[in-house]
Amino acid sequence: MLYELLMLAGGITVMYFKESRELIIGTVILIFKFLLWINGIVFGDPKSTKGSKPAKPVPPRPRNSGGKVKTSAQTQAPAIPPRRKRSSSKKQQQSGPLTAEQKAKKAEKKRVKRRNAELEMVDCEDAYIKNLQTLLNVYKSPMEKYRKSINLEPRDLQTIFSPMLPAIVTLHTTLLQEFQQKGGRKCGEVLLTKAPYFKMYTQYLNGYDKAMDRIGDLRTKNRKFEKFLAKQRKGDIKERRKWKYMDIASYLIMPVQRIPRYELLLKEIIKNTPEGDAELPSLNKALNMVRDAAQHNNQSMRSYQDVQKIVQIQSMLVGELKEDIIQPHRVLINSIKAEVSMLSPEDAEALHDGKWIGSRRSILKRRYLASTGGRRQDSMGSAVADFQAMMEEKISRMKQLKMVDEECNLIVFNDLLVWVAVREIQHRQGYLELDESVTIENVIVGGSKPDNATTTCVCLIRSDAANLKVTFESAKVLEGFRKSLETALDHQRH
């Protein structure tokens, strides 16, 4: 209590006598130390622990005859007998022939699983149609009605909602009616008549990515559109954090997932259908038709996406390449970003560590002999001269680019390698026809150790027309580009 009063008195004194604050604080500390010294004299030091029981001495660790120390587990714990292998009665039963009762139980389980799969197909069909109708009634129709108030253009609605949606709803409504008429049975027979129409999904799948991109842009730039979607999703529910409907993106993805769902359910039904069942042939045929429709849709979707990418690439080009880039035989293989440098033959030779493959004229001669089947003709000199003049024109065109570590979009086609500078500078682009003179190899730049990660992401592309040093961000990206280019070169050779 004395200490508390002393500290309180010191605090009050410091507050009132601000000028001599440091002197007063030093005086209080000295008085506090003096009181501690008096306390030690009056009450003595703290009690020692002489009366406590001494700790038990640790006994020495026993040693065996070999001089090794035995652990407590070896001296006290008994030896654990080895675990016996238990013979499974179930495995013994399975190895032997099944009894009639076991066969009946197994058949009943399969029958129940098959019936559940058939009912699931009907229930999923019903839910799928209801969700598509919700998409049309909750989102599409109000969006058309209030289009101007939420700042939408007609083309926005055409992009978001595929014109195939009403036809898809009609097809699956008919399919559901036939399922219900047959009581969920004979799914194979029903799907046999409707599976060819699943190819109409191609148009929807081709426009799905555009629809999602457009929704994302509108949500970012158009606040009224975002509020409209939230209001439609909420419906008539007044609670703050509850939703009556799913987001529009959850409805739009359902047609993308629908055809693979038929394949999964048909596999489950066939798996649990006994051999010799009358419905088994129709189920297998329906499964094959559904697979064909899914493959057709996927291939069409990939082809459409490739065409869209080529059109996007065309918009980046100028000159003759822009006019000739889209060809019926041309296929896009890969597109990637990298730093491109155009090299002279001397620089390419130095980069190749002095291993040059020969003079240009010897290469032309070998190419000419390959094209003529190895037969020398009188027109050898003129043919080589014509070909050399054509190559010199290509070389002069390449020399005008003068790219040095330029960040480019590198595009690999089945017959062409195109590079376009990321910076919008005119004529910062080039192309290389993929013929037998084109080679690619990994090179080391700026170091001598092959395992140096900073020096193994470079490749050298050499040809009669141009030499390119291409630098990638990682060895993995380089490997992917190398495989793409080798695939294109193999395609040209064969």
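Biologist: At roughly what angle do the axes of α9 and α10 cross?

Modeller: In this predicted model, local features need pLDDT of at least 70 and side-chain atom pairs pLDDT 80 or more, while totals for chains, interfaces and linings use all residues. Residues are numbered from 1 along each chain as its sequence is written, and side-chain values use heavy atoms, leaving out hydrogens and water. The axes (fitted to C-alpha atoms over the stretch in contact, with angles from 0 to 180 degrees between N-to-C directions) come within 5 Å, and they cross at roughly 110°.

Biologist: Is α9 roughly parallel or roughly perpendicular to α10?

Modeller: Angles under 35 degrees count as roughly parallel, over 145 as roughly antiparallel, 65 to 115 as roughly perpendicular and the rest as oblique. The axes of α9 and α10 cross at roughly 110°. The arrangement of α9 and α10 is therefore roughly perpendicular.

Biologist: Which residues in α10 does α9 meet?

Modeller: Helices are DSSP runs (H or I, at least four residues), as are strands (E, at least two), numbered from the N terminus. Contact means heavy atoms within 4.5 Å. From α9, Ile-215, Leu-218, Arg-219 and Lys-221 meet, in α10, Arg-223, Phe-225, Glu-226 and Leu-229.

Biologist: With which side chain does the side chain of Asp-247 make a polar contact?

Modeller: Asp-247 is found in the loop between α10 (223-234) and α11 (248-252). Beyond its neighbours within four places in sequence, Asp-247 is in contact with Tyr-139, Arg-219 and Arg-233. A polar contact is a pair of N or O atoms within 3.5 Å, one able to donate a hydrogen and the other to accept it; residues adjacent in sequence count only if both are side-chain atoms. At 2.4 Å, the partner is the side chain of Arg-219.

Biologist: Is Asp-247 buried or exposed?

Modeller: Buried means under 20% relative accessible area, exposed over 50%, and partly exposed in between (1.4 Å probe, protein chains only). Asp-247 has a relative accessible area of 18%, so Asp-247 is buried.

Biologist: Within what arc do the buried residues of α7 fall?

Modeller: Among the buried residues of α7 are Leu-165, Ile-168 and Phe-179. Seen down the axis, the buried residues line one face of the helix, because their directions from the axis to the C-beta atoms fall within an arc of 165°.

Biologist: Which helices do the buried residues of α7 pack against?

Modeller: The face turned away from the buried side of α7 carries the exposed residues Thr-170 and Gln-181. The buried residues pack against α5 (100-145), α8 (187-194), α9 (201-221) and α12 (254-271).
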